[in-house]
Each structure stands twice: as structure tokens, then as C-alpha cells.
Amino acid sequence: MAAKKRSTKPSTPKPAKKKPAAKSGTVVLLSGGNPQIAKGDGDAPVQAYIAAMPDWKREIGRNLDTLITRTLPEIRKAVKWNSPFYGMEGKGWFLSFHCFNTYVKVAFLNGAKLKPLPPGESKDKNTRYLDIRENDTIDEKQFADWLRQGAALPGWIS
């Protein structure tokens with residue numbers, strides 16, 4: 001009886017299995033721990049997003065929302081694309097934030113016009129970022145100044 005000849009062709013790798021998104025209560029956490037929250041206008045969906053933020057990021061979300069609301073009491077809020085958005089009625093959206101594994105990224109949608117510039121660059125020439133990590137302290141005075149500047153500019157209309 002002849003031995004079976006082994007193939008010399010390299011084996012084809014099997015496609016990687018998709019890892020299911022983690023769940024926090026009934027909210028799905030997407031990559032980086034960003035909560036998957038249904039789109040919606042107003043404070044309620046933003047508060048649902050913040051409540052679903054994992055671990056230490058939740059406190060950062062609460063602090064950001066409090067600072068934004070205290071600085072701009074007439075702020076308009078919504079959740080779009082699994083991120084809270086903040087804007088002024090009739091002017092559009094000027095700020096959002098999003099969870100990543102090791103930080104919360106605050107996006108100033110017209111940040112290139114803010115003085116001084118928020119530190120993080122973007123592929124979009126108009127957007128600037130502020131990354132907040134677990135033990136970072138937010139410079140509330142500077143952040144509030146950026147909020148007032150951003151609110152005065154024409155925002156992003158969706």
C-alpha cells in the first residue's frame with residue numbers, strides 16, 4: 001500500500017472569528033468601549049450614553065456634560081453616530097466626544113478656529129481634538145473658553 005502524498009501547498013488561513021461586542025447591562029459596547037446608543041435629540045439620549053460609558057470614562061463624560069451645560073445653559077444636545085453632540089440652535093453642532101480604549105476623545109468640529117488651538121490634530125483641517133485619559137485633569141477655564149468660542153462659530157449641520 002502506497003503512502004498518501006502530503007500536499008505541498010500552504011494551507012489557507014481561516015478567517016478570524018468576529019468577537020461579539022461586550023455588553024454593559026443592556027447597552028452594547030462597541031470597539032474601544034464606546035456605547036451603542038440609538039440616535040436621538042435632547043438631554044435623555046446624551047444621559048443614556050454617559051450612563052453606559054464604561055468605568056472611569058463615565059465620570060469624564062459626566063464632568064464634560066456638566067461643564068458644557070454650566071458654561072452654555074442654552075446648549076442643544078443629541079446622540080448621533082454613537083456619540084453625544086453639542087451645538088447651538090440655528091448654528092449647528094460644534095463639539096462631540098467618543099470613548100476609546102484608553103481615553104475619551106473630545107472633538108471640536110471647528111477647532112482650527114479656536115485660540116489657543118486644542119492640542120490634537122485631525123485629518124480634517126477644521127477639526128481639533130482633546131484626548132482625556134483616566135488620571136488627566138481638565139483645565140476647566142480653558143475648556144470653557146473653547147466652548148464659548150466654538151458656540152459663537154457656525155457649526156456642523158446634520
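Is N82 buried or exposed? Select N82 and look: N82 is buried, with a relative accessible area of 19% (buried means under 20% relative accessible area, exposed over 50%, and partly exposed in between, using a 1.4 Å probe and protein chains only).

Before we move on, a word on what you are viewing. This is a predicted model, in which local features need pLDDT of at least 70 and side-chain atom pairs count only at pLDDT 80 or more, while totals for chains, interfaces and linings use all residues. Residues are numbered from 1 along each chain as its sequence is written, and side-chain values use heavy atoms, leaving out hydrogens and water.

**Stop 1**

Most residues other than glycine have a negative phi, and most peptide bonds are trans.

**Stop 2: a cis bond**

Next, select K115 and P116: the peptide bond from K115 to P116 is cis, with omega near -15°. You will find P116 in the loop between β7 and β8.

**Stop 3: the core**

Select L95, F97, V106 and F143. Of the 30 residues in the largest nonpolar core, these four touch the most other members (such a core is a set of buried Ala, Val, Leu, Ile, Met, Phe, Trp, Tyr and Cys residues joined through side-chain atoms within 4.5 Å). Elements giving two or more residues to this core include α1 (43-52), β6 (92-99) and α3 (140-152).

**Stop 4: salt bridges**

The whole structure has 6 salt bridges (a side-chain nitrogen of Lys or Arg within 4 Å of a carboxyl oxygen of Asp or Glu). D65 lies in helix α2 and K77 in strand β4, so the pair ties together parts that are 12 residues apart in sequence. Both D65 and K77 are buried.

Finish with R70 and E140, which form a salt bridge at 3.1 Å, N to O. This pair links helix α2 with helix α3, 70 residues apart. Here R70 is exposed, at 53% relative accessible area, and E140 is partly exposed, at 44%.

Definitions and conventions. Helix = DSSP H or I, 4+ residues; strand = E, 2+ residues; numbered from the N terminus.
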